[in-house]
Amino acid sequence: MTAVADPTTDLRGPRAVRLPSAVSVALARTSVELKQFFRERDAVIFIFAYPIIMLAIFATVFGDTPIEFGPGDEVTFATYFLPGMIATGLLLSTFQNLAIGIAEERDNGALKRLRGTPMPASAYFLGKIGSVLTTSLVQVGLLLVVAATMFDVELPTDPGRWWTFAWVLVLGTASGAICGVAFSSIPRSARSASAVVTPVVLVLQFVSGVFFQYDSLPGWMQDLAAAFPLKWLAQGMRSVFLPEGATAIEPTGSWEHGRTAIVLGAYLVVGLVVALRTFRWRRRDDG
Amino acid sequence: MTSHLLEPAAPAINVRDLHKRYGDKHAVNGLDLVVERGEIFAVLGPNGAGKTTTIEILEGFRRRDSGLVQVLGEDPGDAGRAWRNRIGIVLQTANDQAELTVAELVRHFARYYPDPRDPDELIAAVGLTEKAGTRTRQLSGGQRRRLDVALGIVGRPELLFLDEPTTGFDPEARRSFWDLVSGLRDGGTTILLTTHYMEEAEQLADRCAVVKDGRVVALDAPARLGDRVARRAVVRWLEDGVVREHATDTPTAVVGSLAARFAPQEVPGLQVLRPTLEEVYLSLITDHADAAEDAADDAALAAVPERTPAVALAGASVTMKEQVR
């Protein structure tokens with residue numbers, strides 16, 4: 001089946017045209033992805049607003065319950081709760097958003113339609129990253145504003161802490177997004193997508209010390225959570241917003257930045273390999 | 001470059017001895033197909049005949065097992081963006097990207113192509129100007145299909161794939177859709193159409209291929225499709241209060257002799273019936289054993305003497321339609 005150079009069938013030469021660059025298509029993709037996301041009411045409530053609502057509820061209910069690390073060393077409940085909600089928000093905006101969103105796009109034929117156009121595949125994924133990054137940043141920004149203005153959470157002033165914030169955020173967003181792309185191949189249909197993805201995310205939230213103080217969880221649960229990125233994301237965020245003394249109630253007595261980077265990085269690399277090997281533009285039952 | 005001078009001579013689609021198996025099933029089994037530039041070519045065939053597999057191989061969605069496939073001179077199996085820029089694909093009924101408006105979608109898809117049609121003019125051409133600001137989830141089935149076509153042609157494709165484009169349309173919407181498609185062909189676009197509506201193929205197609213069991217069993221203009229027996233005319237008249245029918249290749253002669261027999265009176269209830277494309281199509285895809293069985297059933301039910309093969313086929317088509325319902 002080798003292509004024989006037959007002058008009567010070679011139509012390629014004179015048609016050489018400049019296709020739009022991947023970057024310009026990626027920007028266009030980012031913009032339609034964002035439009036679609038913010039017009040989908042379910043997504044806006046359960047992905048975008050969820051951590052903000054949870055922060056507001058928990059900080060109000062437990063407003064008078066400070067968290068103690070040692071004698072005289074304590075923070076308000078809202079301060080302790082904020083890092084967990086930032087981590088949860090990132091998980092939802094990246095992993096849950098893409099795992100459900102791409103599964104739906106695969107099931108309803110959107111991916112197949114795109115595959116039939118000259119849109120470069122890279123532009124599709126860059127568009128996803130662009131939109132996920134935008135929603136995550138806006139979401140985290142709103143969380144910080146709500147925490148600081150409504151619940152008097154003192155935000156750090158030390159640039160070192162904001163540097164930690166930046167790399168944990170970037171690494172967490174990237175690994176969450178890539179794992180979301182990889183996970184999107186698991187649900188068999190759009191209808192089953194939320195049913196498959198939501199429990200995973202919920203269980204992770206409960207075992208990873210997002211709703212409960214991590215050291216109050218049973219040992220086996222801590223070990224389980226340590227195998228998944230949300231625990232590390234939450235821990236990294238705690239290291240940004242909690243005083244140094246808070247390491248007293250961390251399992252190892254330290255923030256473990258090195259290990260956080262390694263686990264999140266490993267999920268990024270493994271997720272990328274899996275995503276590249278399993279990504280499909282068509283439904284499984286579509287041949 | 002001299003090759004572009006030869007371009008009009010090269011077919012838009014050239015398929016030779018195409019094979020594709022799924023496990024034990026030989027979905028496509030030695031299919032040959034040549035679609036010339038500038039024609040509307042309809043691919044007809046029952047579900048499971050290998051139609052969709054073939055089209056999806058041509059669109060670059062599926063890989064073939066063997067055979068030669070050239071679409072606009074390239075092998076769709078390893079063609080890239082530049083090739084996709086020259087084709088347009090309208091898939092079967094879709095409901096994706098429901099939250100974007102008509103105008104947003106058309107403008108967005110226009111950005112994938114180097115020389116797109118003007119989005120507003122295109123929206124007007126498919127008759128959706130009034131719906132330009134409407135989210136696609138609120139469109140009717142016919143409006144949604146016209147949007148699908150708009151997205152398929154926004155890049156000015158040389159070759160457009162239309163997969164069952166008018167399923168679920170009301171008759172008026174179908175007519176206006178046909179006008180749109182004929183207009184594209186008149187503008188120089190080659191169109192490969194699949195449809196289950198024979199009337200659609202008859203109206204639109206310059207040529208049709210009937211696919212059965214993974215190969216082409218008939219190929220011609222809609223009016224010439226089928227063999228001599230399948231295309232026989234039927235002369236029908238009333239005699240002694242019963243309907244008489246006679247299948248013939250020479251209806252004029254039959255009418256002449258009838259006229260002479262009844263002269264100077266009119267021949268009562270005289271009709272000359274030509275088989276529709278649907279009847280010819282059904283005769284092509286129905287095994288002869290099945291056809292005979294259906295014909296026997298019909299003959300037993302109907303009090304019509306002198307049943308002929310052509311009429312039996314017409315009867316078979318009614319039975320099949322009823323089964324579909």
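# A guide to the two-chain predicted model

Visitor: Is B:Leu72 buried or exposed?
Guide: In this predicted model, B:Leu72 has a relative accessible area of 1%. A residue counts as buried under 20% and as exposed over 50%. B:Leu72 is therefore classed as buried.

Visitor: Where is B:Leu72 found?
Guide: The backbone of B:Leu72 has a phi near 50°, a positive value in a residue other than glycine. As for its place in the chain, B:Leu72 is found in the loop between S4 and helix H3 (81–84) of chain B.

Visitor: Which strands are the edge strands of the sheet that contains S4 of chain B?
Guide: Three strands of chain B form this open, antiparallel sheet, in the order S2-S1-S4. An edge strand pairs on one side only, and this holds for strand S2 (25–35) and strand S4 (66–71) of chain B. From one strand to the next, the twist averages 25°. The edge strands are thus S2(B) and S4(B).

Visitor: Which residue of S4(B) stands opposite B:His19?
Guide: Strand S1 (residues 13–22) of chain B pairs with S4(B) in the antiparallel sense over five bridges. Within these two strands, the residue opposite B:His19 is B:Ser66.

Visitor: At about what angle to S1(B) does helix H2 of chain B run?
Guide: Helix H2 covers residues 51–58 of chain B and lies across S1, S2 and S4 of that chain. Its angle to S1(B) is about 120°.

Visitor: What is the order of the strands in the sheet formed by S10, S11 and S12 of chain B?
Guide: The sheet is open, and its pairing is antiparallel. Strand S11 (242–248) and strand S12 (271–273) of chain B each pair on one side only, as edge strands do. Neighbouring strands are turned by 25° against each other on average, direction ignored. The order in chain B is S11-S10-S12.

Visitor: Which residue in S12(B) stands opposite B:Val235?
Guide: Three bridges pair strand S10 (residues 233–239) of chain B with S12(B) in the antiparallel sense. Facing B:Val235 across this pairing is B:Val272.

Visitor: Which helix of chain B lies across S10, S11 and S12 of chain B?
Guide: The helix in question comprises residues 251–262 of chain B and runs at about 15° to S10(B). This helix is H9(B).

Visitor: Which residue takes a positive phi in the hairpin of S8(B) and S9(B)?
Guide: Strand S8 (residues 207–212) and strand S9 (residues 215–220) of chain B run antiparallel and are joined by five bridges. Across the pairing, B:Ala209 stands opposite B:Leu219. The hairpin has two residues between the strands, and a phi near 50° is taken there by B:Asp213.

Visitor: Is B:Arg156 buried, partly exposed or exposed?
Guide: B:Arg156 belongs to the loop between helix H6 (141–153) and strand S6 (159–163) of chain B, and has a positive phi of about 50° although it is not a glycine. The relative accessible area of B:Arg156 is 42%, whereas exposed would require over 50% and buried under 20%. B:Arg156 is therefore partly exposed.

Visitor: Which residues of chain A does B:Asp96 touch?
Guide: B:Asp96 sits in the loop between strand S5 (87–90) and helix H4 (102–110) of chain B, and is buried with a relative accessible area of 0%. Not counting residues up to four places away in sequence, B:Asp96 touches B:Thr136 and B:Arg144, among others. Its contacts in chain A are A:Asn108, A:Gly109, A:Ala110 and A:Arg113.

Visitor: How many helices and strands does chain A have?
Guide: Along the sequence, chain A follows the pattern α-α-β-β-α-α-α-α-α-α-α-α. Its C-alpha trace spans about 85 × 35 × 35 Å along the principal axes. The secondary structure of chain A comes to ten helices and two strands.

Visitor: What share of the residues in chain B is buried?
Guide: Chain B contains twelve helices and twelve strands. Its accessible surface comes to about 14,800 Å², with 50% belonging to carbon and sulfur atoms. Of its 325 residues, the buried share is 53%.

Key:
Residues numbered from 1 in each chain as written. Chains lettered and ligands numbered in written order. Predicted model: local features only at pLDDT ≥ 70, side-chain atom pairs only at ≥ 80, totals over all residues. Heavy atoms only, no water. Pairing = 2+ DSSP bridges. Helix = DSSP H or I, 4+ residues; strand = E, 2+ residues; numbered from the N terminus. Axes fitted to C-alpha atoms, helices over the stretch in contact; angles between N-to-C directions. Contact = heavy atoms within 4.5 Å. Buried < 20%, exposed > 50% of the residue type's maximum accessible area, 1.4 Å probe, protein only. Areas by Shrake-Rupley, 256 points an atom, 1.4 Å probe, with all protein chains shown as cover.
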